[in-house]
Amino acid sequence: MSRITLHDTLSGRVRPLVSRTPGRVGIYACGPTVYGRVHVGNARPYVVFSLLARFLRSEGMEVTFVANITDVNDKIYAAAAARGIGSEQLAREMTAAYVGDTDRLGLGRPDHEPLASESMAAIIALIEQLIERGHAYVADGDVYFSVRSYSRYGELSHRDVDAMDQGEGVERAQRKRDPLDFALWKAEKPGEDTAWEAPWGRGRPGWHIECSAMAEGLLGVDFEIHGGGSDLVFPHHENEAAQTFAARDQPLARLWVHNGMVRTDREKMAKSVGNIFLLHAALDVYGRDALLMYFCSGHYRQPLEFDDERLVEARKRVERIREGGRRLVAGASPEWSASLRDRFFQALREDFNTPAALACVFDWVSRANRSESPVGRDDLVQMLDVLGLAGLASGPAAAAIPAEVAALAAEREDARRARDFERADELREQLRTLGWEVRDGPDGPELLPGSQ
């Protein structure tokens, strides 16, 4: 099996992927807190780790991919109260919206998507173990992790312990023995509509303990890859790593892999900043193929700027591959193809370098376009499939044009004949949102499957 490397935040260097059990890999990626619709920034870790799982499977590995859903959290309580609905109702609605929005990316679902609300027994058991081992304490119904009881605290985020702020505010600060300590369990407060019974009283878990319990419950400890956005390194992943090792005397994960932030105007895309572009809206405007192309165009570890110019460019790159794919024939690729295919997969083996892999794809398409004889598409499909874009090379779609699409296309043609170009452009955009592109040629308009 070929050597595969990934950047490990804990060690600060690119390290080889070494499995506990040869040929098997566990991936846990932190998913969203479901208090609102997910935005493009939330989608980046979903895409990065879904594609990483696809790649590892293409390398012959048996992958278990887990992406949790945080449906118990302070932000959900606050958002539900603002809307005048129950927190469980809001969490259910936003979970369904998240699944629907990410389904449109066409990457399939993770193997497991645990909910915090359905993991209480494991969460409580993990907290009990930390209390028993002297790493946690009860204070008026709250439970806190004692940071100074764990000598390795700070090793993941490479921060000085005394300079850290858990970001938990001052509400419960007087209950802590040390300001550094963080909540494992929060006692029920007046006005909160959901709580669970625990040995130390009714309440709900803190955010960090949820992920430790869900990850261990499905993958065990010392699994291969723990992923998420770079904004989670501290405090979330630092706290996960600390509490699991403190309870189990084993690391939670072997590699801590973090993707860079999606930014607008060089500032992280976030609901709190107010600079978000919701995922479902981006899919409506640009299409799933262009959005996947956009994500793959930057190395996963680097920040990625989001703006119309970059998404339009991604759509052009998608069309370039699709146009080349229409010229291909079924069957084996030419002899020159193998070296490009090998370079593609080698780029992904070396810290999952999708921009370098894409460069091989476009080199392949350029060579195919210059070929004077028919070119088979097998190698191109194999490469694109890892990136979720195999449909670009599959040739013309055999599916019939839906009646709604045909009617809109006819109406657009009528508008063009009447020189109502504004209306024609509006209809073109409607067709694009339905997944169809209109190409105007000398023989009239042609409808083609576009970015879905």
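Rings of Phe, Tyr and Trp (for Trp, its six-membered ring) were taken to pair if their centres lie within 6.5 Å, with planes under 30 degrees apart counted as stacked, over 60 as edge-to-face and the rest as tilted. The structure is a predicted model, in which local features need pLDDT of at least 70 and side-chain atom pairs count only at pLDDT 80 or more, while totals for chains, interfaces and linings use all residues. Residues are numbered from 1 along each chain as its sequence is written, and side-chain values use heavy atoms, with hydrogens and water left out.

By the ring criterion, the count comes to 12 aromatic pairs. One of these, between W185 and W200, is edge-to-face, with 6.0 Å from centre to centre and 75° between the planes. Because W185 lies in strand β7 (residues 182-187) and W200 in the loop between β7 and β8 (203-205), this pair ties together parts that are 15 residues apart in sequence; helices (H or I, at least four residues) and strands (E, at least two) are DSSP runs, numbered from the N terminus. Both W185 and W200 are buried, where buried means under 20% relative accessible area, exposed over 50%, and partly exposed in between (1.4 Å probe, protein chains only).

The rings of W336 and W364 have their centres 5.3 Å apart and their planes at 55°, so this pair is tilted. W336 lies in the loop between α9 and α10 and W364 in helix α11, so the pair ties together parts that are 28 residues apart in sequence. W336 is partly exposed, with a relative accessible area of 24%, whereas W364 counts as buried at 0% relative accessibility. Elsewhere, F277, Y286, Y294, F295 and F306 form one aromatic cluster.

Two arginines were found over aromatic rings, a charge being taken to sit over a ring if NZ of Lys or CZ of Arg is within 6 Å of the ring centre and within 35 degrees of the ring normal. The charged end of R152 sits over the ring of F245, 4.3 Å from its centre, and R177 lies over the face of Y137, at 4.0 Å from the ring centre.

Helix α11 comprises 17 residues (354-370) and reaches 25 Å from its first C-alpha to its last, close to the 24 Å expected at 1.5 Å a residue, the expected span being 1.5 Å times one less than the number of residues. The buried residues of α11 include C360, F362 and W364, and its buried residues pack against α8 (288-296), α9 (308-326), α10 (337-349) and α12 (378-386). The N-terminal end of α11 is capped by N353, a side-chain oxygen of which lies 3.1 Å from the backbone nitrogen of A356.

In helix α2 (residues 74-83), I76, Y77, A79 and A80 are buried, and the buried residues of this helix pack against α3 (87-103) and β8, contact meaning heavy atoms within 4.5 Å. N73 caps the N-terminal end of α2, with a side-chain oxygen 2.9 Å from the backbone nitrogen of K75. α2 is followed by G84, whose phi is positive, near 75°.

A search of the whole structure found zero disulfides, a disulfide being a pair of cysteine sulfur atoms within 2.5 Å. The sulfur of C211 is 3.8 Å from the closest cysteine sulfur, in C30, which is too far for a bond, and C211 counts as buried at 1% relative accessibility. The sulfur of C296 is 13 Å from the closest cysteine sulfur, in C360, and this is likewise too far for a bond; C296 is buried, with a relative accessible area of 2%.

Note on methods
Polar contact = N/O pair within 3.5 Å; in protein donor to acceptor, adjacent residues only side chain to side chain.
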